[in-house]
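Hi there,

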Amino acid sequence: MIESVVKDRKQVIPVSAYLDGEYGYSDVTLGVPAVIGRKGIEKIIELDLNTEEKHVFDMGILSVKSAISSIQI
């Protein structure tokens, strides 16, 4: 990942990224494939998920959001 940033390789790498409308979700961070270059995450790749994959993805989102909401500050 560091090499992709330093050498501006624009490699697609799975990363934990803040979603802002990608996959229909916002205000949550989840592992997704992204183009990594000199500017860090340059583009989140939205895969065409089948029904089962979308369900698993949705469950991951719900799990992350639930964990965050259970944290008491």
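First, the ground rules. This is a predicted model, in which local features need pLDDT of at least 70 and side-chain atom pairs count only at pLDDT 80 or more, while totals for chains, interfaces and linings use all residues. Residues are numbered from 1 along each chain as its sequence is written, and side-chain values use heavy atoms, with hydrogens and water left out.

**Overall fold**

The protein chain has 2 helices and 3 strands, and along the sequence they follow the pattern α-β-β-β-α. Both kinds of element are DSSP runs numbered from the N terminus (helices are H or I with at least four residues, strands are E with at least two). Taken along the principal axes, the C-alpha atoms fill a box of roughly 40 × 35 × 15 Å. The chain has 73 residues, of which 29% count as buried. Here buried means under 20% relative accessible area, exposed means over 50%, and partly exposed is in between, with a 1.4 Å probe and protein chains only. If you take the contacts (heavy atoms within 4.5 Å) between residues at least 6 apart in sequence, 47% of them join residues at least 24 apart.

**The sheet**

The 3 strands form an open, antiparallel sheet in the order β1-β2-β3. Since β1 and β3 (40-44) are at the edges with a single partner strand each, one side of each is left without a neighbour in the sheet. From one strand to the next, the twist averages 50 degrees. Angles like this one run from 0 to 180 degrees between N-to-C directions, and the axes are lines fitted to C-alpha atoms, for helices over the stretch in contact.

Two strands are taken to pair if DSSP finds at least two bridges between them; β1 and β2 are joined by 10 bridges and run antiparallel. Along this pairing, Val-12 stands opposite Val-35 in β2, and Ala-17 is opposite Leu-30 in β2.

Ser-16, in strand β1, is worth a look too. With 56% relative accessibility, Ser-16 counts as exposed. Its C-alpha atom is separated by 4.0 Å from that of Gly-31, 15 residues apart along the chain. Neighbours within four places in sequence aside, Ser-16 is in contact with Thr-29, Leu-30, Gly-31 and Ile-41.

**Helix α2**

Helix α2 covers residues 51-70, which makes 20 residues, and it reaches 28 Å from its first C-alpha to its last, close to the 28 Å expected at 1.5 Å a residue. That expected span is 1.5 Å times one less than the number of residues.

Which residues of α2 are buried? They are Phe-57, Asp-58 and Ile-61. Seen down the axis of α2, these fall within an arc of 100 degrees, so they line one face of the helix; the arc is that of the directions from the helix axis to the C-beta atoms. The face turned away from the buried side carries the exposed residues Glu-52, Val-56, Leu-62 and Ser-70.

What covers the buried residues of α2 includes β1 (11-20) and β2 (26-37). The helix lies across β1 and β2, at about 120 degrees to β2.

Asp-58 counts as buried at 19% relative accessibility. Its side chain makes a polar contact with the side chain of Tyr-25 at 2.7 Å. A polar contact is a pair of N or O atoms within 3.5 Å; within protein, one must be able to donate a hydrogen and the other to accept it, and residues adjacent in sequence count only if both atoms are side-chain atoms.

**Positive phi values**

Most residues other than glycine have a negative phi. Two non-glycine residues to check are these:

- Asp-8, in the loop between α1 (2-6) and β1, has a positive phi near 50 degrees and counts as partly exposed at 27% relative accessibility.
- Tyr-23, in the loop between β1 and β2, has a positive phi near 60 degrees and is buried, with a relative accessible area of 10%.

The hairpin of β1 and β2 has 5 residues between the strands, and there Gly-21 takes a positive phi near 105 degrees.

Happy to hear your thoughts once you have had a look.

Best wishes
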